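Let us walk through this structure, from overall form to the packing of its parts.

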Amino acid sequence: MKNFDLIKLPFSKNNPILVQVLGVCSCLAVTAQLKPAVVMALSVTVVVVLANVIVSLLRNTIPPRIRIIVQLVVVSTLVVLVDQVLKAYVYDVSKQLSVFVGLIITNCIVMGRLEAFAMVQKPWPSVLDGLGNGLGYSVILIALGFVRELFGSGTLWGYPVAEKLGLYEIGYENNGLMIMPPMALILVGLIIWWHRSRNKDLTEQ
Amino acid sequence: MKKTFSNTYIFIYSAVLVVVAALILTVVSVSLKPLQTKNQQAETKQMILKTIGVEATRDNAAELYAKHITEDDGYYRFDGGIVLPLKGTGLWGPIWGYLALDSTSTVVGAVFDHKGETPGLGGEIATDKFAQRFIGKKMDSQAIHLAKNADHSNPYEVDAISGGTMTSNGVTAMLAKAYDDYSNLRKEATE
């Protein structure tokens, strides 16, 4: 596989959320607003890339019998680091993300990439693979956050779009369903539908 | 991976890995602690100000707090009343809050927060919607408690959170404790 493909494929044909259907839990939970979605996307990307590099560097020294434990130690160390940094520099966002920062540890994308890719690849391709998958995850999260905040709360990044446009005066109302997690699932379903209709080769026979 | 590893290697490897991880985490945790503490203190001040109807941002919280609140032996006095601190346990961890009472022990403002209650269930106690249910309730002759299908005309009863029974019980328990402390305080004041 060419290096460029490592970044490009997770965006479309091998998207972690749309095709591998990994990391859906956090994708439903933190996308009610744009800001936490972006922070979560960045955090996961950072963790996947760093974990991929570290595990890839260690790959020849890791005894196969304890490899999952070693991966877990690496991932959880990184996640605690991210959590501490968020608490120190973006306290409000870290409160909103609450338990989901800790849950990056169990985000299947991270462990999935470590086990499937970084354990058997050199560091540089691992960086690209982590970056590709992290960004592929980010694209979906940010798209969902955008749609859900805009239609659910009438704001974008906290800016009251609907109010400024004067939509409320002509009878517009926010869609309360948008801010509930089930709506995120429906939106992801719609995106997957659209995505499959564009990539016919992904459809199972 | 055809390479085999001896048990000794595996033991040493895991020991070294864990020690390195622990070292890194300790260094980071210690170095970021001051910033985090500062955020938490500002947040506490924001919460207390909110119960008396003053909206503060993280930056001006300390200034407004100094202006409106005087601390008094674990309580917070403001012009016209007192703010009771609440501390208790929810389902997964600590929950806390502040309850502002006027001179007739009627609630004028409340705010709750939690460490790790389930978002959307027990975590709802941190919302304004939940806190507003307390306004107008009384802490004079008995404590406020949470109940399913609460009677809204009863000044000691507030609607509990559906799906958050354990957290609601925790809120009731910490209100009861705060009431005991508060009635002791009032007794002392009249003696």
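A residue counts as buried if 20 or more other C-beta atoms lie within 10 Å of its own. By that cut-off, 28% of the 191 residues of chain B are buried. The model is a predicted one.

Start with the fold. Chain B holds 4 helices and 7 strands. Along the sequence they follow the pattern α-α-β-β-β-β-β-α-β-β-α. The radius of gyration of chain B is 22 Å, well over the 16 Å that the globule rule gives for 191 residues, so chain B is more spread out than a compact globule. Its C-alpha atoms fill a box of roughly 75 × 40 × 35 Å along the principal axes. Among contacts between residues at least 6 apart in sequence, 47% join residues at least 24 apart.

Now the sheet. In chain B, 5 strands form an open, antiparallel sheet in the order 1-2-3-4-5. Strand 1 (70-72) and strand 5 of chain B are the edges, each pairing on one side only. Neighbouring strands are turned by 25 degrees against each other on average, direction ignored. Strands 4 and 5 of chain B are joined by 7 bridges. In one of these strands, strand 5, B:Phe112 is the bridge partner of B:Gly97.

Helix 4 of chain B packs on this sheet, touching strand 3, strand 4 and strand 5. Its direction makes about 135 degrees with that of strand 3. Which residues of helix 4 are buried? Among them are B:Gly170, B:Val171, B:Met174 and B:Leu175. Their cover includes strands 3, 4, 5 and 6 of chain B. The 26 residues of helix 4 should span 38 Å at 1.5 Å a residue, and the end C-alpha atoms are 37 Å apart, which agrees.

Key: Residues are numbered from 1 along each chain as its sequence is written. Chains are lettered from A and ligands numbered from 1 in the order in which they are written. This is a predicted model: local features need pLDDT of at least 70, side-chain atom pairs count only at pLDDT 80 or more; totals for chains, interfaces and linings use all residues. Helices (H or I, at least four residues) and strands (E, at least two) are DSSP runs, numbered from the N terminus. The expected span of a helix is 1.5 Å times one less than its number of residues. A residue is buried if 20 or more other C-beta atoms lie within 10 Å of its own, exposed if 12 or fewer, and partly exposed in between; C-beta atoms are placed from the backbone. Two residues are in contact if their C-beta atoms, placed from the backbone, lie within 7 Å. Two strands pair if DSSP finds at least two bridges between them. Axes are lines fitted to C-alpha atoms, for helices over the stretch in contact, and angles run from 0 to 180 degrees between N-to-C directions. The radius of gyration is taken over C-alpha atoms; the globule rule is 2.2 Å times the number of residues to the power 0.38.
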